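Morning, everyone. I have one structure to walk through today. Please look at the screen.

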Amino acid sequence: MAPLIGFDEALELGALTDHEEIGALVERAWEVRQDRFGDSTDMCSLVNAKSGGCAEDCGFCAQSRYAEADTPMHAMMEPDQILEHAKAAEAAGAHRFCMVTQGQGLSKRDFARILEGARLVSEQTNLKRCASIGHMSADRARQLKDAGIQRVHHNVEAARSYYPEVSTTVRYEGRLRTIDAVKEAGLETCVGGILNLGESPRQRVEMAFELAEINPNSVPINLLNPRTGTKFGERELMDPWEVVKWVAIFRLILPDALFRLCGGRVENLQDLAPLAVKAGLNGVMMGNFLTTLGVEPAEDREMFEELGLNVARQPDNGANPRPDNRSGWLEGETPVTPVDDLIDSQADANFWDPSTQLRVIKTKGKPPAYPERPSDADVGEPQPAGWGD
């Protein structure tokens, strides 16, 4: 995808602090979003199908064995449990459902459960199907496709230049290999990252341009929700106006990607969530997140509808991974379907609920220290002096 702004202009926009100037930037991004996607939306929901006990050292995550935080944990769900959560997501108005597990990859047994869960969701719902299950080979990606998965999520998390501060046990190059394997299998890609891990504004711009080179179909952006006991647990939340500004900048750099906010949006955006939608979002993660609570479905739907966007369920969701109605994807106008029968409250359906479905395991003793960042000589070839230099 071709960015609509260059690196230097993105840096200039990143330095904005005046709310009126950010508002003008939002209007600019809103025009791009309308031009590319019209009134269509892409509302996603997830289930944390396996949680806790992760051997990796990602500094934002309470599931890491290196974190002093209490560990949220449950074993791999059975396929019928995955289906039950998918049906709840569909009842709430989600267009897409993602099955998420922790760690770099799955055992054969757990992978088989994901495959069967995907088949059930494909056969018994009208949801688009996604999976986020760590590293994988092209062969596993093809198996996912055969089971009904249409898109695979695998974040880069941060700019390449900052990535060693985020994780040392999960290599950046390994993430790129998984993304390539997903593309090789003919699946769509969902690739994003996290803001507010201590990266500089320049590194945020770097990540956006690196994502533009990867050219994913979907770009989810998470906002750090600091978890006490993790490497980044003492960071402050982002200023809501900063969040809105960076949503708009990412939209201008990634004009053709389906763009959504996921984890941390409730805590970081506060009352500015509707303005973030106008800054260029196609959708949000509805319902709850992996280990934290979200908002009620009715609130999310209303937030988009107030901007004239269509959140109705689409009759062809299951067959068409992309929700937009541009020429070459879906023919005609976005279908208008009744939304009166949608549930408004998570209590009305068996949504994924980390407050009741995750066991919290108390940390025993002191966990190992986070590994030191590797030296530049240990991380492979240096990135060319690149972005905007």
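How many aromatic pairs does the structure hold? It holds 4 aromatic pairs. Rings of Phe, Tyr and Trp (its six-membered ring) pair if their centres lie within 6.5 Å. Planes under 30 degrees apart count as stacked, over 60 as edge-to-face, and the rest as tilted. Take Phe250 and Phe259: their ring centres are 6.2 Å apart and their planes sit at 15 degrees, so this pair is stacked. Phe250 is buried, at 1% relative accessible area. Phe259 is buried too, at 3%. Buried here means under 20% relative accessible area, exposed means over 50%, and partly exposed is in between, with a 1.4 Å probe and protein chains only.

Now the ground rules. This is a predicted model, where local features need pLDDT of at least 70, side-chain atom pairs count only at pLDDT 80 or more, and totals for chains, interfaces and linings use all residues. Residues are numbered from 1 along each chain as its sequence is written, and side-chain values use heavy atoms, with hydrogens and water left out.

On to the overall picture. The protein chain has 13 helices and 11 strands. These are DSSP runs, numbered from the N terminus: helices are H or I with at least four residues, strands are E with at least two. The chain has 389 residues, and 58% of them count as buried. Its accessible surface comes to about 15,800 Å². Carbon and sulfur atoms own 48% of that surface. The areas come from the Shrake-Rupley method with a 1.4 Å probe; for residues, only the protein chains shown count as cover.

What about contacts along the chain? Consider the contacts with a separation of 6 or more: 79% of them are between residues 24 or more positions apart. Contact means heavy atoms within 4.5 Å.

Next, a helix pair. At what angle do the axes of H4 and H5 cross? Helix H4 covers residues 108–124, and helix H5 covers residues 138–146. Their axes come within 9 Å and cross at roughly 30 degrees. That makes H4 roughly parallel to H5. Angles under 35 degrees count as roughly parallel, over 145 as roughly antiparallel, 65 to 115 as roughly perpendicular, and the rest as oblique. The axes are lines fitted to C-alpha atoms, for helices over the stretch in contact, and angles run from 0 to 180 degrees between N-to-C directions.

Who meets whom? From H4 come Lys108, Phe111, Ile114 and Leu115. From H5 come Arg140, Gln143 and Leu144. These contact residues divide into 4 nonpolar, 1 polar and 2 charged. For that count, Ala, Val, Leu, Ile, Met, Phe, Trp, Tyr, Cys and Pro are nonpolar, Asp, Glu, Lys and Arg are charged, and the others, Gly among them, are polar.

Stay on H4. Is Val121 buried or exposed? Val121 lies in H4 and is buried, with a relative accessible area of 0%. Leaving out residues up to four places away in sequence, Val121 touches Ile82, Leu83, Ala86, Phe97 and Arg129. Phe97 is 24 residues away in sequence, and its C-alpha is 8.7 Å from that of Val121. Arg109 is also in helix H4. Arg109 is exposed, at 60% relative accessible area. Arg109 and Met76 are 33 residues apart in sequence, with 9.5 Å between their C-alpha atoms.

Now backbone angles. Most residues other than glycine have a negative phi. Which way does Glu157 go, positive or negative? Its phi is positive, near 75 degrees. Glu157 sits in the loop between strand S5 (151–153) and helix H6 (163–166), and is buried at 9%. Asn196 has a positive phi as well, of about 85 degrees. Asn196 sits in the loop between strand S7 (193–195) and helix H8 (201–214), and is buried at 5%.

Two last stops. Thr17 is in the loop between helix H1 (7–14) and helix H2 (19–37), and is exposed at 62%. Thr17 and Glu242 are 225 residues apart along the chain, yet their C-alpha atoms are separated by 7.9 Å.

Then Arg373, in the segment after strand S11 (359–361). Arg373 is partly exposed, at 34%. Beyond residues up to four places away in sequence, Arg373 touches Ser161, Pro164, Glu165 and Thr168. From Arg373 to Tyr163 is 210 residues in sequence and 9.5 Å in space, C-alpha to C-alpha.
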